[in-house]
Amino acid sequence: MISTMEGRCRRAPPIMLDRLLGRRVTVTVRILGQVGGRMVRWDGQVRLREPASVGAVLARAGKAAGADLLGALQQGDQPALLLNGRRLDLPSGLSNPVPDGALISWLMPMAGG
């Protein structure tokens, strides 16, 4: 909110807020599979300031899901990591920029017999 001379408040135009706060991107994240020894299924959205990377989105989404996604990668987990349906190579794919409205999917392979 921006105050005016009369003491009333009015909403700042979105363009002005973008300049003050930086543009934000909203990314949908889907996590499915075992992470750190427990089954995780989480669908949600994450908002970050531009420029946002896949790694930054996963860190925020993992925190919301209660799973340490980046820690799982360091421990050797090899999920299928998709950005808008295209598979990313790990770990280099973590630095890819994420556009507004993107979908990131973290899918762990399941095994059984």
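Here is a short briefing on the fold and surface of this protein chain. The model is predicted, so local features need pLDDT of at least 70 and side-chain atom pairs count only at pLDDT 80 or more, while totals for chains, interfaces and linings use all residues. Residues are numbered from 1 along each chain as its sequence is written, and side-chain values use heavy atoms, leaving out hydrogens and water.

**Overall fold**
- The protein chain has three helices and seven strands (DSSP runs numbered from the N terminus: H or I of at least four residues for helices, E of at least two for strands).
- Along the sequence, these elements follow the pattern β-β-α-β-β-α-α-β-β-β.

**The sheet and its helix**
- Five strands make an open, mixed sheet in the order β4-β3-β7-β5-β6; strands pair if DSSP finds at least two bridges between them.
- At the edges are β4 (38-49) and β6 (86-87), each pairing on one side only.
- Helix α2 (residues 54-65) packs on the sheet and touches β3, β4, β5 (80-83) and β7, where contact means heavy atoms within 4.5 Å.
- Strand β3 (residues 24-35) runs parallel to β7 over five bridges, and Thr28 has Leu103 in β7 as its bridge partner.

**Burial and Leu107**
- Of the 113 residues, 35% count as buried, meaning under 20% relative accessible area, with exposed over 50% and partly exposed in between (1.4 Å probe, protein chains only).
- Leu107 belongs to strand β7 (residues 103-107), and it counts as partly exposed because its relative accessibility is 33%.

Conventions:
Axes are lines fitted to C-alpha atoms, for helices over the stretch in contact, and angles run from 0 to 180 degrees between N-to-C directions.
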